[in-house]
Amino acid sequence: MTQDERWIAKYNEVVEFIYTYHRNPSKYNLEEHDMLNWLKANRKKMNANELKPERVEAFRKLLELCEQYKRKNQYQ
């Protein structure tokens with residue numbers, strides 16, 4: 001599996017999680033830590049202009065989706 005394939009797989013995993021549970025990954029739930037760390041690492045790369053140009057637009061859409069579910073009750 002190439003690095004691009006892994007990135008796309010993790011991207012799809014986070015998007016599917018948000019659509020399924022209608023919330024962002026939680027820092028309090030150990031099963032969701034990988035997704036949260038992936039989001040944070042890619043956000044840092046994007047802010048430092050180190051994210052690959054073909055990934056920037058997709059990641060911006062993901063951040064917009066995350067913004068919709070910001071501060072949602074995670075224990076509904």
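Residues are numbered from 1 along each chain as its sequence is written, and side-chain values use heavy atoms, with hydrogens and water left out. In this predicted model, local features need pLDDT of at least 70 and side-chain atom pairs count only at pLDDT 80 or more, while totals for chains, interfaces and linings use all residues.

The secondary structure comes to 3 helices and 0 strands, where helices (H or I, at least four residues) and strands (E, at least two) are DSSP runs, numbered from the N terminus. Read from the N terminus on, the elements follow the order α-α-α. The C-alpha trace spans about 35 × 25 × 20 Å along its principal axes. Of the 76 residues, 36% count as buried (buried means under 20% relative accessible area, exposed over 50%, partly exposed in between, with a 1.4 Å probe and protein chains only). Among contacts (heavy atoms within 4.5 Å) between residues at least 6 apart in sequence, 58% join residues at least 24 apart.

Helix packing comes next. Two packed helices are described by the angle between their axes and the distance between the axes. Here axes are lines fitted to C-alpha atoms, for helices over the stretch in contact, and angles run from 0 to 180 degrees between N-to-C directions. H1 and H3 pack with their axes 11 Å apart, at an angle of about 20°. That makes H1 roughly parallel to H3 (angles under 35 degrees count as roughly parallel, over 145 as roughly antiparallel, 65 to 115 as roughly perpendicular and the rest as oblique). The crossing of H1 and H3 is left-handed, a term for a near helix turned anticlockwise from the far one by less than a right angle, with right-handed used if clockwise. On the H1 side the contact includes Trp7, Tyr11, Val14 and Ile18, and on the H3 side it includes Arg55, Phe59, Leu62 and Leu65. By class, the residues of this contact divide into 11 nonpolar, 1 polar and 3 charged; Ala, Val, Leu, Ile, Met, Phe, Trp, Tyr, Cys and Pro count as nonpolar, Asp, Glu, Lys and Arg as charged, and the others, Gly among them, as polar.

The axes of H2 (residues 33-47) and H3 (residues 53-68) come within 11 Å and cross at roughly 125°. That makes H2 oblique to H3, and their crossing is left-handed. Trp38, Leu39, Asn42, Arg43 and Met46 in H2 meet Phe59, Arg60, Leu62, Leu63 and Cys66 in H3. This contact has 7 nonpolar, 1 polar and 2 charged residues.

Arg55, placed in H3, counts as buried because its relative accessibility is 8%. Leaving aside residues up to four places away in sequence, Arg55 touches Gln3, Asp4 and Trp7. Pro53 is also in H3, but Pro53 is exposed, with a relative accessible area of 69%. Between Pro53 and Lys27, 26 residues apart in sequence, the C-alpha to C-alpha distance is 28 Å. Asn24 lies in the loop between H1 (3-21) and H2 and is buried, at 15% relative accessible area. Asn24 and Leu36 are 12 residues apart in sequence and 8.3 Å apart in space, C-alpha to C-alpha.
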